[in-house]
Every structure is written in structure tokens, then in C-alpha cells.
Amino acid sequence: MADKPRSFQEIILRLQTYWAAKGCAILQPYDMEVGAGTFHPATTLRALGTKPWAAAYVQPSRRPTDGRYGENPNRLQHYYQYQVLIKPSPPDMQDLYLGSLKAIGIDASMHDIRFVEDDWESPTLGAWGLGWEVWCDGMEVSQFTYFQQVGGHDCKPVSGELTYGLERLAMYVLDVDHVMDMPFNDPDAPIALTYGDVFLQTEQEYARWNFDIADTDVLLQHFVDAEAECQRILDAPADDPKTGRKIIMAHPAYDQCIKASHVFNLLDARGVISVTERQAYIGRVRTLAKACADAFVQTEAGGAA
Amino acid sequence: MPDLLIELFSEEIPARMQTRAADDLRKLVTDGLVEAGLTYASAAAFSTPRRLTLSIDGLTGESQAVREERKGPKVGAPDQAIDGFLRGAGVAREDLEVRDDKKGQVYFAVIEKPGRLAAEIIAEVLEKTVRNFPWPKAMRWGEGSLKWVRPLHSILCILTDEAGTEVVPLDVDGIASGNTTQGHRFLAPDAFSITNLDDYETKLKRANVVLRADERAEAIWNEATTQAFALGLEVVEDRGLLAEVAGLVEWPVVLLGKIDDDFLGLPPEVLQTSMKEHQKFFSVRNPKTGRIERFVTVANMETADQGATILAGNQKVLSARLADAKFFWENDLRVAKAGMQPWLDSLSNVTFHNKLGSQKDRIERIAALAREIAPSVGADPDLAAQAAKVAKADLSSEMVYEFPELQGLMGRYYATEAGLPSEVAAACEEHYSPLGPSDDVPTAPVSVAVALADKIDTLTGFWAIDEKPTGSKDPFALRRAALGVIRLVLENGNVGNLDSLFRRWIYGHMDGEAILSSINPIIAEINNGAASLAAISASDLPPLQKVAIVKAQKLTADLNISEIKSKTELGRRILATSEIEANNLLSFFHDRLKVFLRDKGIRHDIIDACIAMPGNDDLTLLVKRAEALAETLATDDGENLIQGFKRANNILTQAEAKDGVEYSYGADIKFAEDDAERALFAALDAANAKIAPAMKAEDFSAAMTAMAALRAPIDAFFTDVQVNADSEILRRNRLNLLSRIRNICLSVADLTKIEG
């Protein structure tokens, strides 16, 4: 695999193969709209508690405010992240990461790869960690974080998290200047498709909807509903009368937290949230995230006996 | 005398923390060793992105044995007392000795601390240091509980003497010490063993690691300037960036790259900021044109293609960044050339502070104030107001949104593009200055007027809403703003009396929002049902409060604040509060002024003596007075005059207290008996004749020289004349004479405040 990949999907496939070989469970994207791969419960919730974990997955991510109608060479309202989470973080986490760069055709002996300080903090998730942004020849190709806290809980043991911004990384590896020109599948395939063939139209459609059309009253109601439902789920007694088992519904509650977070992002893109309100909304999502984290650590997957 | 070498090898340490961490390591370990009884000849610490290293030379091989005797309780004392003593001394009861003392038999503990080997002490001190290291932010990793800045991988700890090298054994959270380290992450990743500092530094260099940060910085700078020079170019100096870059690489490789022609039209500051902030590039300038044409990047890698791939990658990233910057610049230019109106309009949506309105409100106030101040600083009032109105327009521009540090500078470019007068454009940039105590103070009159108006509006605003700095908290940088006003005034002439300016401006800030916040408790009562709106209307609350409450309830709009302010009880209260706050703000200025003048070598008591005089809200006068007084006090006459004044004042104060009268008038030369007494009368007359007009002309220097000339006659008077004469007439006359000394001196400055 020393040769260079030729398409966007080949880079994804090589990352999947690499991390599978290193023992990660290759999960599928979470089936909800999220702002970043970190929101996937396989990261947010599984970083909590004492149970060991190793997972890698692609996560489609949405940032409505970043929409540029497909015109900007590298800004998109919908893009892909590749996410790796290993708990406890292995002592050779940096070497494992460098191995993944090699797998996608970045030869460390020809490039300048650097770990530059970047502390990560997610006010919406009540989470923070220390680590770096990784530079390859001056370009940020990944985020590397040792999680210290999630949902207000100390991470013990600590998870190591990697996030690759796939479009940007691929554009670099494939030497493409505009994301829409990037080959999505094999450029020699009978039906060769570029990133633009797949996503240009959707970028335009969503940018218009995000910025101008989305019904803010409806969205505001969605936010309130998600918030209430999350709380209601968590307030339900742990003992399920039907099965006679103890079932804490941390994941369904967390889905509502994700939903609230995404609705907030949409409202933000519509420009209806003032600076002061912004903090309040972020605080409300954080409250949900913390409550879900509290619930998850009571469950078996969360390490409760 | 062994030498000690310690290396703490970790994942990449943030560049900004390295120097401090190396210092902390040196201090904590050497302090710990000394405290445990070791001594050393010298110590030095080093840092790279992946290691902190400490070298200590000439360490003693072991600590001295210590014998200490402690006296305890009497024999027969309660067990509790004896047990406490045993705990404190760390000995067992059977080890106590009984000795005869003056008051009987007493227990003695003899504590023998044997000497300890250096290795044992080092292990202890180093473990403690690692566990308690003062990183600004530390983290855990894996399953461990140890905290370090990033995961710690290995500890090298060796002692070397003539006999050879030995590892100092220790274990911190499963990391055992050894005598090996690794070289460059990619160029020489294998481990190798070390015997001493020289060996360490040599082997590291062979393994592509330059140990010393200053050596790395120097190599970077030399190589960069050499490469630039070869092309007839020069590297723009940036020491902060150089230090940072030296902390990002173990093996610096300097690469000089080209900036695409497309971007050379951008303002040089934009190129510089974008390259520095995002990419940590140095700017390379053409000295003939002053343009930034190239960049220097510092890689941490040697490659087979001499860095060609690395440079190409960096150039590509830069082009993408600069394409953004160019996009912003071009969009901004369109708005600027059309007169910047959309930016000014959008500032009304930007909140400055929720009690002080929007940026647009603030700009209106600054423009009014700049117009008012303009004549006293020699600026055209219309130009000053015009400049104030556009000075913050660039805050809405795309470039400043992306690079906040370019605020002001972009304003100047855009104002120029908008075709505004050059004084206005200059004020856009300069009105933020001075930002620090050593920052340049603007001198162009329009810039000075806007700079003063901006800062005074900020200060009076935050005083009006009671958001003053407290202790170390100064979130709105009000201390800096006050110092800015002080420096602007002192270096550019006078804005006159600050007190009335403060009062009027604070009063002006106390409008709608401030009033509403003062009646919030009442609104809360209405909201929770404890009081009804009807009850409020029927109550005998001052009318403004009623109206404001109604307004707060959104039941009516249109409240004419200024009318209500001038006609109501609450209005009068606001006026009184403005006066109090203006006074408070003036004291704040005086405190800042003291700090400022102290740095210029003027003692705080001298400033106090001048602040106590009337007209202390005129900073120019105040400083002139303080400088003259400091100068006078530095002379022999001046210093002794103070003693004479104090003596006169003390005698007077005592006599006045004793007699219950004030000796202030009526000294008559006809009762003078002594030559020295008559001479003092004459001297005081002469001094008065000079001081009064000099003070009127604000010529403090002349006034104080005249005052200092009183020294000899006062000294002679106290030598020859006894104030408390037997004759009551003589005594009273002399006391009244002393009061003339006091009055004359106090008309110049409050000398009672002078210390010593």
C-alpha cells in the first residue's frame, strides 16, 4: 500500500482497513444529524466508565453555518470525519496514528509531521481534553486528544481520540485544489464520479434551506420538545415493569440531546440567536449531555457493576 | 563530586510552556536537593519539544549526618504531653534520656539523622518534582493517575563521577529510570545510552536533536537571514515567533518559499499576520519596495528531496489561506469605497455592554466627546467628530472578523479607500493607542482627540454602571485605559479639568438601562405578585420609577429620559451619584498617576502632597507641580526646608491644641526682638511677593525655588529664637509668624504629606 490512493473513497477504505488491523471495531455512522464525530455515542458515551473500548468509524457531520453553496474550495455544511477512540489510550497512540498516515500514502520520511498544541473543549458536551492538531507540511490533517472529562465526568481511564477531517486530508493526499473536483470513486471507473457529482447540488440546496428557508418557529419548538423528551426519558424509573429488568435509557435520552444540539446549530445559521442567548442555549444542551452521561455511568456499558 | 543528568522524555510539549518548565525543573530539583542537605556547583536546564533536561555539576556525594537534641516535658508530665513530644521528635519512649534541669528532671530526645547517599535523595526529590510539577495545564493518560503535560514516556537519571556512571533508581507510576533516551522522532528513533552531559549533547546532535533552545533559535535566524540575503531580501524580525518556532522543532530545517504573485497586492500587515498566526511563517521583505514577497518556514525534518515536498505543501496551504484573505480584502474594499455605511449600520447590532448600549450608541457618544475635546488638543472639531464616527467601522469588516489583531490598521486602509481625509484615516488606526506603558502615544491632534474620547467614554461608562476594576480583576482593561488618558494628556497638552467632564459624562451614561437596573427589585416584586402594577401607580413612588416600571413591563414606549432626569427626585439622585462616581474615578486616576510617576522616579508622598492641593483634576498641572516639588526636594535647601516646615508645623499644632485657638494672623514685626526673627519677617515678605504671582502663573518651579530660599532664615530663627517665650505677647507673635511659614509652604503643596 505504499502507492498513493487515487480517490476519496480509497482513503476511507484504507483507514478502515488500517484501524481494523489494529484491533478497532469498525462501526457505521450514527444515524442522526451531528456536528462532529465526537457526538456519536461510540465516542461521547463510551469514553465514560471503566470498560475498555476501541472503535473507528466515518461520521457524516453537519455545520449549517459553514455552508457556501459548494463554491468555497474547502468549506462545506456537510462533510465527513473519520473518528477513532481507544480506551485506555495505548502508550504507542502517536505511533499508531503515524501508521495510519502511512497507510493513506503520507510517507513520514518525505514530509514534515508535527504535533502542535491544541486543547480541545466542547462546551455543549461538557467535555475537554489535551492534545494537538497534527500538521503535515503546515496543514492541519487531524486532531489528537486525550479526553480528560466528558459530560462533567472525569475520564478514568483516559481515552485517546483521533479525528481526521476527511475532505481536507484527501484533497491534500490527492493534490486537488477544489473539493468538488476531487475524485470520489476510481477516476478510471466506467462511471467516474467527483465529489461535486455527489454533493454539489446538495450543498446548494442545504445552504439555501439552512440560511433562509428553515422555519425557525418550528425549530425552536423542536428544541424545546427534544429537551423535554430527554428529561422525561431520564426521569422514567429504572425498573421496567414489563420485563422486570432494570433498563436505564441513556442512549434514547442522548439521541434527544444530539437532536437539540443540531437544532441549535440550525437556529444559529438562521441568525435568530443573539450573543447572550447563545450561551444560554449551549448551557441547556450541556445540561442534557451531563444528565445523559450521569445515566450512562449507571448502566452496564458505562461500567456499573 | 558527581554530576547529575536528568531527562524527562514525553510526547510533544506545547512550545509556549517549555522555557518556563525547564526553569521550574531546575528550581524544584535543586531546592529539594539543598533542603535535603546536598550542595552543588552549578545547574542548567534545557528543553526541546519532547524533553526537559537538567544537568547539575559538582554535587556532594552524600548529606552530612545531623545530630539534634530536643528538650521535652518534665518527668512525670501527663502521658498526653509526652506522647505529643515523641510524635514531634519521631523517637520511641525508651529512647528518651532523663537529664537534670534547673527545675528538676526533664526528658531529652536525641535525634540522630544519619547522612544519606545522594542517589537516595535525588530519587526522592525527582519523584516528588514529577508528581507535583506546576504545569499550567496537565493531563492523565491510559490507566495511570500521574499527571504530566502530555504522556511521559521515560526518565533518564544518571550520576557520573571518576568511577563511572550509574543509574539513580526510581519509579514514578510504573516509569522506571534508566540511562537511555531517543533521538529525533523520524530521523533517529532508536534508543541509546548516555554517560554524562557532553556525551548526551553529542549523541543527541548525531541523532538530529539540538538540545539548547537558544542554539536552535540562533541557527534558524542565521540560516533564514542568509538565505534571504542571497536574494537581496531581509527577514522581518519577530522574536516571539522565533522563540515559538524554536520550541516546535528539535532539528530545525529552514526553507524559503515564494508567495504567489496574486497575493502581493495585499497589505503587508495582512500577509504578515496571516502567515504568522496560521502557519508560524516568518515574513521576508524586499527592502527596496517594502513589500513582503517571500516567507520562511522551519521544518523539523530533513528529506531526500531537500525539503521540496515540504515546501510545496506549505506553499499550497499558504495560498489557500491567502485566497481567503484576498477574498475578505476585496469584499471589504467594495464596502469601503462606497463609504462604509453598511459597516456603520451593522454596528448597531453589536452590543458593547448590555447596560451601555450598542457599538453604534458608543460611537455617537465618542464623536460628541471628541468634538468637545478637539479645541484643547488643537484638533479641528468637525474632523475629530468625523474620525470618531468611522474609527470603529472596520470592526464589521470581514478582515477584522478573521484577524481581530488587525483592527484599527484595516480601518486606516479602508478610510483611505473611502476617500476620507488623511487625519481621519490616521485616527482610525491610532485611536486605540497607547495600549501599554511603553506603547507610542499618538501626536496627531485628531487622533489624540478620538483616543481621549474613546477612553474617557469607556471609563465613565463603566463607572456609571459600577463595573470598576477590583483587585486583580479588570476585565474591561480600565486601568490600561486610564493610563492611556494620562499619557495622552501629559504628552499632548491639556484637556482641562477632568472632574466636571467626568460628572457630566457619568450622568449621561445613567440613562434608561442604568435606571431600569436600579428598580429591578421592584419589578421583581410585581412579577412574583407581591405588588401589583395598579398598586405601584397608586403609590407615592417617584414618578420616574413609576414610568420606568411601566416601561419595563413593556406597557408603554417612548420615555423621555432626559426630561425625567431633570425634573424628578430620581433625577436628583442620579446627579448626586454622578458626583460621587466622578470623584471615585478621579481617585482612580490619581492612583494610576502615582504608579506612572513612581516609574519615572517621583516618590508617592510627593504626588500625595500635590494631589492634596486644589485643581488636582488637571493632570498637566498636577504633574508639573509634582515635578517641581521633586526637583526642589532633591536640593539641600529643599530637604532642610521640609524639616523647618515640619518643626514650625509641629510647634504650631501643639500650641493650637493646647490653647484652643488657631494662630493664623497678625504676626507683627514691631514685636520682633531678635535679628533672626526680623530677618524671617523680611524673608517671608520677599518669598510671598514671589510665590503668589508665580502660583498664579502656574510657575511651580519659581514658587518652589522661592520657598526653598526660606530654608536659611527659618533655620537661623530656630537656632536663635525661642518660640515659647515667657512673654505671652512675644510667644503669640512668634506662633503667628510660624503660621505664616505654614501658610506660605502649604500654598505650594501639602508638605505635611512628605515623609521623612
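**Ground rules**

I noted that this is a predicted model, where local features need pLDDT of at least 70, side-chain atom pairs count only at pLDDT 80 or more, and totals for chains, interfaces and linings use all residues. Residues are numbered from 1 along each chain as its sequence is written, chains are lettered from A and ligands numbered from 1 in the order in which they are written, and side-chain values use heavy atoms, with hydrogens and water left out.

**Entry 1: the four-stranded sheet of chain B**

I stayed with those strands, taking helices (H or I, at least four residues) and strands (E, at least two) as DSSP runs numbered from the N terminus. Two strands pair if DSSP finds at least two bridges between them. In chain B, 4 strands form an open antiparallel sheet in the order β13-β15-β16-β14. Its edge strands are β13 (234-235) and β14 (253-258), each pairing on one side only. Within it, I found B:Phe282 opposite B:Val296 in β16(B).

Two helices of chain B pack on this sheet, and I took contact as heavy atoms within 4.5 Å. Helix α5 (residues 213-230) touches β13, β14, β15 and β16, its direction making about 35 degrees with that of β14(B). Helix α7 (residues 268-279) touches β15 and β16, at about 10 degrees to β16(B). For these angles, axes are lines fitted to C-alpha atoms, for helices over the stretch in contact, and the angles run from 0 to 180 degrees between N-to-C directions.

**Entry 2: the three-stranded sheet of chain B**

Next I followed an open sheet of 3 strands with the order β4-β6-β5 and antiparallel pairing. Here β4 (66-74) and β5 (97-101) are the edge strands. Neighbouring strands are turned by 35 degrees against each other on average, direction ignored. I counted 5 bridges between β5(B) and β6 (residues 104-113), and B:Arg99 has B:Val106 as its bridge partner in β6(B). Helix α2 (residues 79-89) packs on the sheet, touching β4 and β6, and its direction makes about 170 degrees with that of β4(B).

I also checked a salt bridge (a side-chain nitrogen of Lys or Arg within 4 Å of a carboxyl oxygen of Asp or Glu). B:Glu112 forms one with B:Arg67, the closest N and O atoms being 2.9 Å apart. B:Glu112 lies in β6 and B:Arg67 in β4 of chain B, so the pair ties together parts 45 residues apart in sequence.

**Entry 3: a hairpin in chain B**

I found β9(B) and β10(B) forming a hairpin with 2 residues between them, and B:Asp173 in the turn has a positive phi of about 50 degrees. B:Val172 stands opposite B:Ile175 in β10(B).

**Entry 4: where the chains meet**

Last, I turned to the interface, where 39 residues of chain A are in contact with 38 residues of chain B. The chains bury about 3100 Å² between them, 54% of it on carbon and sulfur atoms; buried area is the accessible area (1.4 Å probe) that two parts lose on being put together, summed over both. A:Met110, A:Arg114 and A:Glu117 supply 18% of the area that chain A buries against chain B, more than any other three residues. Across the interface I noted 5 salt bridges. A:Asp175 forms a salt bridge with B:Lys316, with the closest N and O atoms 2.6 Å apart.
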